[in-house]
Amino acid sequence: MTNMEETPLYKREGDYIPRVAAVHDLCGYGKCSLGIAIPVLSAAGIDVCPVPTSLFSAHTKFPTFYMHDTTSMLTDYLNAWREEGIDLDGIYSGFLGSAEQVGAILRLYEEYPKALRIVDPVMGDGGSKYPTYTDEMCEATRGLVDGADVLLPNLTEASILTGIPYEGQDVDMAFVSRMCDALLSMGAKAVVLKGVVHEGEPIIRNYVAYANNADKPLEIAGELLPYMLHGTGDLFASGVVAALYTGRTLCESVDFASRLVRDAMRVTPAQPDFETRGVSFEPVLGDVTALLA
């Protein structure tokens, strides 16, 4: 293991509570985005400062949903933060409501140059874009790759960002290395490529790659459960952020997030309508709080 892999991205000091802007959408019903990020990061002793990119009646897995794009309010919203002298230790971005919202995130980067940039480029899965994402939005999201301290794409999103054709989830190490190298060449400092699954194996593999490191991406494997749930990507990314801000390394954070998702998925089937509503993370929040011990 190299020094880069052993070095935490954030050093937690004393009783100080780090402050992280969470740039995500908010759903009234369904487990995703800010509905996951706020409690998970809070459980890790992080002061979460939401920047809502859109408001949904329910997440997009439901056949009927209402969406309100918040782009028009973000300039005044962030102006008020600036006037109050709010400081940030991190900027964690996810689902966006419009291509213009990339500009709001870039503004945060400019105004808070010391804050970690953690980018979950939520654009699609299974080889397809999400229904509210346009080609223009995907192109704009590419602008968040350069300078990202941690970039967290799944294989679909990595394909959209790089232009490398999507080949499904069963890909070999050569493909993983090619994809990670492409993302790092776009300016990401570290990449977590999510969701490699080989046919017939009950294992899900995530890979961590660092810029300026000739070693192949590091594999962090976890148990693959025999069903899919909405919101697991948001829970994984939020688990990574939670662990990073308790002083864990990126590899340790990815391992923690993988186990957090697995444990949440295990208890989810006890709930009604769980297939649509999404992952039940609430019973495992104690595992996040335990990071502070």
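1. Helix α2 (residues 33–43) buries Ser33, Leu34, Ile36, Ala37, Val40, Leu41 and Ala43, where buried means under 20% relative accessible area with a 1.4 Å probe and protein chains only. Just past α2, Gly45 has a positive phi of about 75 degrees.

2. Keep in mind that this is a predicted model, with local features needing pLDDT of at least 70, side-chain atom pairs pLDDT 80 or more, and totals for chains, interfaces and linings using all residues. Numbering runs from 1 along each chain as its sequence is written, and side-chain values use heavy atoms, leaving out hydrogens and water.

3. On to β1: 7 of its 9 residues are buried. β1 runs parallel to β2, joined by 8 bridges (pairing takes at least two DSSP bridges), and Ala21 sits opposite Cys49 in β2. The β-α-β crossover from β1 through α2 to β2 is right-handed, that is, clockwise from the first strand over the helix to the second with the strands pointing away from the viewer.

4. β1 also pairs with β4, again parallel, over 4 bridges. Here Ala22 faces Tyr92 in β4.

Methods
Buried < 20%, exposed > 50% of the residue type's maximum accessible area, 1.4 Å probe, protein only. Helix = DSSP H or I, 4+ residues; strand = E, 2+ residues; numbered from the N terminus.
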